[in-house]
Amino acid sequence: MTVKVDQPSEAGEYDPVMQTLLQLLWGEGFLSPGGAAEVECLLDGSTVAACRVLDIGCGLGAVDELLITRHGAQSVLGVDIDPGLLAAMTRRIERAGLSRQVTTLCVQPGPLPLPEGSFDVVFSKDAIVQIPDKAAVFADAYRVLRSGGHLIMSDWLRGGTGSYSSEMLEFFRLEGIAYNMASMTETTAALARAGFIEVEGELRPLITERIGAQRAAHFVDNWRQMLVVLERGELRPAHLKARKPTSRA
């Protein structure tokens, strides 16, 4: 199967086998890495407590359940283009007794049929990578947020802007879904153009602010060199375990 990286589809679709595999890896109801722990990490330093949340690319709904039960959201609307995923999510939410707090909406690629200013938080976990027009989705997220609202998202970004390597193209082929990848610089710039402020994600400006340009440049050079020796095998991270033998009488 050939994945057309230059002209991919609007979004990927997970077949039942892939759904089963991903849930075995990340937990029941999760389709992207990290499961509940990654949601916890993503929300570190932020809050959705008492918030009206829009989840773009909600999948099977385990994240949305967590946003209510563990993180205190007032309500969550999960949107996705895959009706099969949404049907499974609806069953999950009904079993959890959360149907009044968590709802779903099947949408088409393009602007969301939602009024502006209707959410406190727009949330997305590893879904926007499948959307080619980043500028449009960020502009729409900005539109549906209330004044002072927050965008909280994780995504798969690419390093650099050159042609994909043969290894990356083989990964796309094996993965079997479209990856519409932007770099961190492109993503933060698109968010700023949409109107967002206090865009966090690119660490270098924050590091420079905290420790100064000279020290920041030193550590960047240091870590780049670390990658070289890691790739050559001269420096190897390792986890070690051992057991003290049982005493003999």
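The model is a predicted one. A disulfide is a covalent bond between the sulfur atoms of two cysteines. For Cys106, the closest cysteine sulfur belongs to Cys58 and lies 9.3 Å away, which is too far for a bond, because a disulfide requires the two sulfur atoms to be within 2.5 Å. Cys106 is partly exposed, its relative accessible area being 41%. Cys51, by contrast, is buried, with a value of 11%.

Empty space was examined next. Rolling a probe the size of a water molecule over the atoms shows where such space is left. The largest pocket has a volume of about 1,300 Å³. Its lining is made up of 36 residues, of which Leu151, Ile152, Met153, Glu198 and Glu200 are the closest to the centre of the pocket. Two or more lining residues come from each of the helices α2 (35-42) and α7 (184-194) and the strands β4 (119-125) and β5 (145-154). Strand β5 contributes the most, with 10 residues. By class, the lining of this pocket comprises 16 nonpolar, 12 polar and 8 charged residues.

The structure has 1 cavity of 30 Å³ or more, and the largest cavity holds about 30 Å³ of space. The residues lining the largest cavity are Ile128, Lys134, Phe138, Met153, Asp155, Leu157, Ala182 and Thr187. Of these, 5 are nonpolar, 1 is polar and 2 are charged.

Notes: Residues numbered from 1 in each chain as written. Predicted model: local features only at pLDDT ≥ 70, side-chain atom pairs only at ≥ 80, totals over all residues. Heavy atoms only, no water. 1 Å grid on protein atoms, 1.4 Å probe; cavity = no way out; pocket = protein on both sides within 12 Å on 5 of 7 lines; lining within 4 Å. Points joined across faces, edges and corners; volume = space filled by probe spheres on them. Nonpolar A, V, L, I, M, F, W, Y, C, P; charged D, E, K, R; others polar. Helix = DSSP H or I, 4+ residues; strand = E, 2+ residues; numbered from the N terminus. Buried < 20%, exposed > 50% of the residue type's maximum accessible area, 1.4 Å probe, protein only.
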